[in-house]
Every structure is written in C-alpha cells, then in structure tokens.
Amino acid sequence: MAETTEIRWHGRGGQGTVTAAKVLADACLSGGRHVQAFPEYGPERAGAPLRAYNRVSSHELRMHCPVLNPDVVTVVDATLLDSINITEGAKDATIFIINTTKDPKEIRAKLGAAASQKVITVDATKIAIDCFGRAMPNSPMLGALCKATGLITLDHLLEDVRKSFGKKFSQKVIDGNLEATRRGYEEVKEG
Amino acid sequence: MAKVVAVTGNEACANALRQVNPDVCGIYPITPQTDMMQRYASFISDGKVDTEAILVESEHSSMSACIGASAAGGRVITATSSQGLALMWEMLHIASGDRLPIIMPVVNRALSAPLNIHGDHSDAMGARDTGWIQIWSENAQEAYDNTIQAFRVGEHMDIRLPVMVCLDGFIISHSIERMEYLEDAEVKNFVGEFKNLYPLLDLEKPKSYGPLILTDLYHEYKRAQHEVMLKVKDVVLDVAKDFEKMSGRKYGLFETYRLEDADIALVILNSAAGTSKDVIDEFRNKGIKAGLLKPRLFRPFPYEEVAEALKNTKAVCVLDRSDSFGGYGPLFMEISSALYQLKERPVLINKIYGLGGRDYLPSHAELVLNELHGIAQGGKINIIKEYIGVRE
C-alpha cells in the first residue's frame, strides 16, 4: 500500500462503525506508524447514516479534515448503497469492502467500479449473528479490511479486538467477536 | 520511556491533568469538553488522583469554586467550552485579577445563536481580554504537552496567572491520533510541588482577596497586571526549554513552518495549521516559496517576534476561525498590529474560515495561497476580509 492509507467507513448509528475505526487505529500503531480515527459528528441517532475515517501512515499525520479521496471504502450497511454515493472521491485503485449477502460481481456492477478498483464482499451481518447472536457487523468487517488491505496481520488485529472489547464486554462476547473477526478475514469474496 | 498511544485530545488532556494530580477540580459538563472531565471524574473515583471534585450547577459556579480553592492555597483545574466559557466571563477576570494560577483546558467550540456544538475559536477569542494566559494547540500531542507546561507557566512565582490551553472541539478533542505520553513520574517531577502564595487557609496570617479599590489605586493595580504579562514570554520559553530536555519536543512562542525564505505565508491557529502545512509542501514542490506561522502563545501576544518572523514575506493571509462582526478577525488584528511597527511590511489579507465546525479543506489553503502568490507577483488586493468555504 502507499505511504499513507486513507479509509472511509459508511455505516449506520449503532452498528459499531466508529468503534471499528478506533480499533483499527490502535492496531495500526505497530511498527511506529502514525494513525488517526475520527467520525463525522452529527446528531447521534441509531440507524442514521454516518461516516468515519482512518488515516494510517509512516509519516506524521498533519491533515485534520475528512478523507476526500479514500484508498479504501468500507460499507458496514449495504442498504446505504441505495441512498448515498459511496464511490464519491474514489481513486483508480480504491478498494471497496461491502457487507452484503450479494455476489461481488453484482456489487461491482451496481457501483460501476473500474477494472482497476477492487470490490470485495463479506456477509458480515450473518457472521456476527452466527458468532455472538447480534447484528453488529463491525468485527467481521475489520477482519475483511485486514485481509483486503494487508495493513496489519490477523493475529495483531485479533489481539487488539481482544483488548478493545475486553474493557466493556463479557468473555462470551469477546470470544464471539474474535471468531467473527477471523471469519470476516477468511470469508471475503472478490469479484 | 515515552508510551505511544492512539487517543483523543480529551483523553490526552485528562491524562496530563491526572499526572499533575491537582488538589481541586471544578466540574461541569459541556460538549465537546464533557468527555475530558468525565474521564477525570473516573480518575478521582478510581483513586488514581487525590483531587477533590467540586460538582457545580453552572460554569459560573465552577470558576467561582476554583477561585475560592485557589485563593485558599490549592492547585486548581477545570475545563470548559463555548457557552460554558462565556458564562464564566465575569469570574475569569476575578481569577486573573486575584492572580490565581488556575489551569483550564478550553475545548474550542462555536457560540450560540444559532446553537452549534462544533469547533471554532469564538469562545476563547471572547476571553482574550480577561487577563488569562492563552496557549493554543494543533493536535492531541500539543494539547497534552501544553497542559503540562501551563502549570509551570501559571504557577511561576514571578507570574501567578491563570492559563487556558486551547484545542479544537471535535477535530482534536474527539479524534483519535497517535501521540506519546510521558511517564507519570516525569510529569510529577517537571511540574514540581505546588507552592502557594498568600493562602487564605494560613489562618495565622489573615488576608483579603479582591477588595474594593477605587480611583486611588485601581489604575496601578491594572498596570501591574499588564507588567506581569510582559514577563510571561520569557517564562514560556524557559519552561519550553526544560520540557524539550525531558520530551525531545520543541516549543516556542509560535511555530514557523518553511517560513525562513518564504514570499507568501499563512498565519493560522490550531488544527487547521496541520492541514495547511501539507498544502504548503505542495506549493514548495511547485517552486512557490510558501510558509506558515502558527501562534502558540496568544495572550500575551509576542508582537515583536511575530513581526520579525514575517518581515521578509511579500504577502500574508491571516486565517481566523472566529469573527469580530463589523471588524476584522481577532488574529488578523494582532498580526496587523505586529506588522505596523515595521518600516516595510507585507501585504495583509484576512479570511474567515471554519465557523461552527465547517471543514477546512486543503482546497481552501490552496485557494488562499494562490491568491497570495498573485498579490506577491504584483497583483491587487480585491478585498481585505472575506469568508471562505461558504455555501452560496
């Protein structure tokens, strides 16, 4: 990946999207890298569309504004594909990671993605329900992002998920999220 | 050994305050500061600090409680934003007039009306003339470092003044960034034991704070406040030198970026300075000599030093994230005053940006630098003050 990787997350309030961006920032600290994680703050309502951002770089990050030209676009809720333009500002080599039950080829056609852009899908909501019984797709999305970008190793990510979720949740929920992260990593489909 | 973390600006400041472990903290919530005092309240509840929390019903009371505690002889902190700082206004003057070294992070936010919770500098600029020292911070690291240094500056025996440490609401207070924490023991050692001066609780020597002084000596009292402000610059630099020895991070009265040989320059506070630096690099790559000056110490304002740093430029734009309606932006007024004393000075323009959290984008910096480049090449100034990033 380039020296600086810029990520834009699209989710809905209550899906753990902001938490995912925070966990990713923490996990990417390794190797002396610089990181940022910040949501776009609006009225905080469950179900409302929201954006969150990450920057990861070998250099000091001085830019303090939203990511305008993302290297990676992560869509935590596929219903957003019908309501907002998630390809806005995308680059020639942007990677799209979409939580959907649909086939990546179908999503590629829907997005009108260029051949140089990668489209990756993962059924993160199903994985989350399987692993810990709640439709919280953030941990499998982190697994998918880890696989698609190679920003961090899976082991490293799992360690950070354990650390972040360990502060708030029971062992059962932590184990479920670790399994979901692992499955998100393994079950990505490219098309 | 420094500890590298990814934390928010609020978390960073709360930890700086924890490491100092003051005696008393006035606490009242207001977005976007709330999270800082909430974290500090957790430190108190968890026994990580010995601070006595005073939970109050308004910021006016919070500052009043801080004034009482500080006059009593304690090391005292609070934090606020926006309407909270505005509500403190009356008491801010009393804290500085009574020479009480209260330390207060201010998480900069817009003022109502209309109601807005996002970052701009209207709150702290409104407190410009309250007699408080103001130190401004670009990012979480600077907010943390400045909070620690603020104790040494305000509590210095030659100074004894309250200090605001300003950081941008949400953009810094709520964004997670990589930064480095110092060791608890290093910070404790750096700020040292609190030394009180004329404490009310020294019952053997009764004294009175804030008495009535009429036409006989009020004027002299205010001149004394002006004169102590003149000593602040040197103390800020001495403290910064010691801080650099400990942390390796260098601070001055302001930061210059690629300014030494610059033809055109931006003057801009806080987080937007970072975004501007990246754009300045792009202009340098195109062969345009652009630079930047980011004020750190805003009160007292280092006029001579700023003038010296900008004197060789041809055109300068001061970007203000607040406005004095019907006047120029407050930072512009300071830079104008600084440059007026020079025989030859750059052309100066003023842009108002980012009010109520409107994003300051690289394209805005580009627009301004292109305009400055045109002026430096002999072009005309169209308008001295204008709003940028406005939806028409």
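Here are legends for a few close-up views of this predicted model.

**View 1. A salt bridge in chain A joins A:Asp71 and A:Lys91.** Their side chains meet at 2.9 Å, N to O. The pair links distant parts of the chain, 20 residues apart. Look for A:Asp71 in the loop between strands E3 and E4, and for A:Lys91 in the loop between E4 and strand E5. A:Asp71 is buried, with a relative accessible area of 13%, while A:Lys91 counts as partly exposed at 34%.

**View 2. B:Arg249 and B:Asp145 pair up in a salt bridge.** Here the N to O distance is 2.6 Å. These partners sit 104 residues apart: B:Arg249 is in the loop between helix H8 and strand E9, and B:Asp145 is in helix H6 of chain B. Buried or exposed? Both B:Arg249 and B:Asp145 are buried.

**View 3. Helix H8 of chain B holds B:Asp242 and B:Lys245, whose side chains form a salt bridge.** The N to O distance is 3.5 Å. The two are about one helical turn from each other, because they are 3 residues apart in the helix. B:Asp242 is partly exposed at 30% relative accessible area, and B:Lys245 counts as exposed at 67%.

View 4. Over all chains, the structure holds 40 salt bridges.

View 5. You'll find B:Val347 in strand E14, residues 347-352. At 31% relative accessibility, B:Val347 counts as partly exposed.

Methods:
Residues are numbered from 1 along each chain as its sequence is written. Chains are lettered from A and ligands numbered from 1 in the order in which they are written. This is a predicted model: local features need pLDDT of at least 70, side-chain atom pairs count only at pLDDT 80 or more; totals for chains, interfaces and linings use all residues. Side-chain values use heavy atoms; hydrogens and water are left out. Helices (H or I, at least four residues) and strands (E, at least two) are DSSP runs, numbered from the N terminus. Buried means under 20% relative accessible area, exposed over 50%, partly exposed in between (1.4 Å probe, protein chains only). A salt bridge is a side-chain nitrogen of Lys or Arg within 4 Å of a carboxyl oxygen of Asp or Glu.
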